[in-house]
Each structure stands twice: as C-alpha cells, then as structure tokens.
Amino acid sequence: MKDKKSEIDKAEAEVYDHSTAGVTKKSKFKYILLIVFIVMILKIVLTPKGPELQWLDYESGTKLAKKENKPILIAFYKAGAGFCTEMWSDTYTNKKMIEFIEANFVPILVDVNRRSDLAKEYDVGYYPTHLIKTPDNKEIIKTRRGYDTPGQFTPFLIEGLKRMELEPR
C-alpha cells in the first residue's frame, strides 16, 4: 500500500512540475515587475500634456523681439532649483499665463548651467530670475527674483508693459 501511495505522490508531483514548468517565485516576481514597469511607462507616454510656453534661446529671442518690436521676458533658471521647479509646474503651465506671455512678450529661457556668461552679464545669482527688457534689448525695465504663482507674476508683467507705455493684450 505504501508503494502505491508513493507512486501516486510521484505522479502528482510530476503533474505539478509540468504545470509550473520552470516558473519559480523569482521569475514570477520578475514577470510582475515587468508588467508594472510597462504600465507605468504607458501611463507616462499616454498622459496628455498641458499647454507649454514656447521658449526661445537668447539669440533667436532677441532677434525676434527686435523684428516684431515686442518686449522681452527673460527667465533665468537652474535645473534642480526648487523654486524653478515650482514656477515651471505651476505658473508656466497655466493656460492663461501662457496666452498672456505669448501675446505680450518674446519669452527667452536661459539655463544658467549652459549660459553662465549671460547670468554673469545680468548679475543673476538667484533662480528663477526674470527680466523684462525693451524690444531692442538695450534697457532692463523690471526685474523679479523667486517663485511666483500666476496671480503674483501677472502684476509684474503688466507693470513692465506699462513702464514701456504699452497696454496688455
């Protein structure tokens, strides 16, 4: 009777071994991790992005401002600076803010890690720092340092336009 029971146990073990054919706890874990990773990547790729301000580099922006006779908004930022991150996630993704800036200014973005020469030229050492300049790029009209919400940043922009005797569009 013992022999018959051990034969049945062996047969059941063989069936079990074939049904899990090489699947170990470790490989199951890797498979689950792979699925989670794929789902996360798909979420990032398929998540609709909000509106984005179309920044120009310094040289292109100053030429365009002169050509269109439009004031310049220069934003100096430093990657990883906390207030820069907040400004870009809150203020520069705000649809009304983007529309206002694009209608009234030529927006120029300066990465101080790449353009330290401009940061030195304008004596910028705090990030973000914003400058409003005349279309000919000769005169600084207004300067603002630090993070602002859209509600705080708009008066700065309007004041810059008024100092140039321009009405906001």
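Which helix is Thr-91 found in? Thr-91 belongs to helix 4, which covers residues 82-91. Hi everyone, and thanks for coming. Before I go on, please keep in mind that this is a predicted model.

Let me start with the overall layout. The chain contains seven helices and four strands. Reading from the N terminus, the order of elements is α-α-α-β-α-α-β-α-β-β-α. There are 169 residues in the chain, and 33% of them count as buried. If we take the contacts with a separation of 6 or more, 72% of them are between residues 24 or more positions apart. As for the surface, the chain exposes about 11,700 Å², with carbon and sulfur atoms supplying 57% of that.

Now back to Thr-91. Is Thr-91 buried or exposed? Its relative accessibility is 0%, so Thr-91 counts as buried. Setting aside residues up to four places away in sequence, Thr-91 touches Glu-86, Met-97, Tyr-147, Asp-148, Thr-149, Pro-150 and Phe-153. I'd like to pick out Asp-148 from that list. Thr-91 and Asp-148 are 57 residues apart in sequence, yet their C-alpha atoms are 7.1 Å apart in space.

So let's look at Asp-148 from its own side. Asp-148 sits in the loop between strand 4 (140-145) and helix 7. With 4% relative accessibility, Asp-148 counts as buried because the cut-off for buried is under 20%. Which side chain does the side chain of Asp-148 make a polar contact with? The partner is the side chain of Arg-144, at 2.4 Å. Beyond its neighbours within four places in sequence, Asp-148 is in contact with Met-87, Thr-91 and Phe-153.

Next, the aromatic residues. How many aromatic pairs does a search of the whole structure find? The search gives eight. One of them joins Trp-55 and Tyr-92: the ring centres are 4.9 Å apart and the planes are at 85°, so this pair is edge-to-face. It links distant parts of the chain, as Trp-55 is in the loop between helix 2 and helix 3 (58-68), while Tyr-92 is in the loop between helix 4 and helix 5 (95-104), 37 residues apart. Trp-55 and Tyr-92 are both buried.

A second pair is Tyr-77 with Trp-88. Here the ring centres are 5.5 Å apart and the planes are at 45°, so the pair is tilted. Tyr-77 lies in strand 1 (residues 72-77) and Trp-88 lies in helix 4, so this pair ties together parts that are 11 residues apart in sequence. Tyr-77 is partly exposed, with a relative accessible area of 21%. Stepping back, ring pairs link Trp-55, Tyr-77, Trp-88, Tyr-92, Phe-153 and Phe-156 into a cluster. You'll remember Phe-153 as a contact of Thr-91 and of Asp-148.

Let's move to the end of the chain. Arg-169 lies in the segment after helix 7 (150-163). At 65% relative accessibility, Arg-169 counts as exposed. What does Arg-169 contact, leaving aside its neighbours within four places in sequence? The contacts are Lys-70, Phe-100, Ala-103 and Asn-104. The C-alpha atoms of Arg-169 and Phe-100 are separated by 7.2 Å, although the two residues are 69 residues apart along the chain. With Ala-103, a polar atom of the Arg-169 side chain lies 3.1 Å from the backbone oxygen.

There is also a nonpolar patch to show you on the surface. Tyr-31, Ile-32, Ile-35 and Val-36 make a patch of about 390 Å². Ile-32 is in helix 2 (residues 25-46), and with 52% relative accessibility Ile-32 counts as exposed.

I'll finish with some backbone details. Most residues other than glycine have a negative phi, and most peptide bonds are trans. Pro-128 is placed in the loop between helix 6 (116-121) and strand 3 (129-133).

Asn-69 is not a glycine, but has a positive phi of about 55°. Asn-69 is in the loop between helix 3 and strand 1, and at 57% relative accessibility Asn-69 counts as exposed. Asn-137 has a positive phi near 65°, and is found in the loop between strand 3 and strand 4.

Thanks, everyone!

How values were computed:
Residues are numbered from 1 along each chain as its sequence is written. This is a predicted model: local features need pLDDT of at least 70, side-chain atom pairs count only at pLDDT 80 or more; totals for chains, interfaces and linings use all residues. Side-chain values use heavy atoms; hydrogens and water are left out. Patches are made of residues with over 30% relative accessible area and no salt bridge: like charges are joined within 9 Å, nonpolar side chains (Val, Leu, Ile, Met, Phe, Trp, Tyr) within 5 Å. Accessible areas come from the Shrake-Rupley method with a 1.4 Å probe; for residues, only the protein chains shown count as cover. A salt bridge is a side-chain nitrogen of Lys or Arg within 4 Å of a carboxyl oxygen of Asp or Glu. Helices (H or I, at least four residues) and strands (E, at least two) are DSSP runs, numbered from the N terminus. Buried means under 20% relative accessible area, exposed over 50%, partly exposed in between (1.4 Å probe, protein chains only). Contact means heavy atoms within 4.5 Å. Rings of Phe, Tyr and Trp (its six-membered ring) pair if their centres lie within 6.5 Å; planes under 30 degrees apart count as stacked, over 60 as edge-to-face and the rest as tilted. A polar contact is a pair of N or O atoms within 3.5 Å; within protein, one must be able to donate a hydrogen and the other to accept it, and residues adjacent in sequence count only if both atoms are side-chain atoms.
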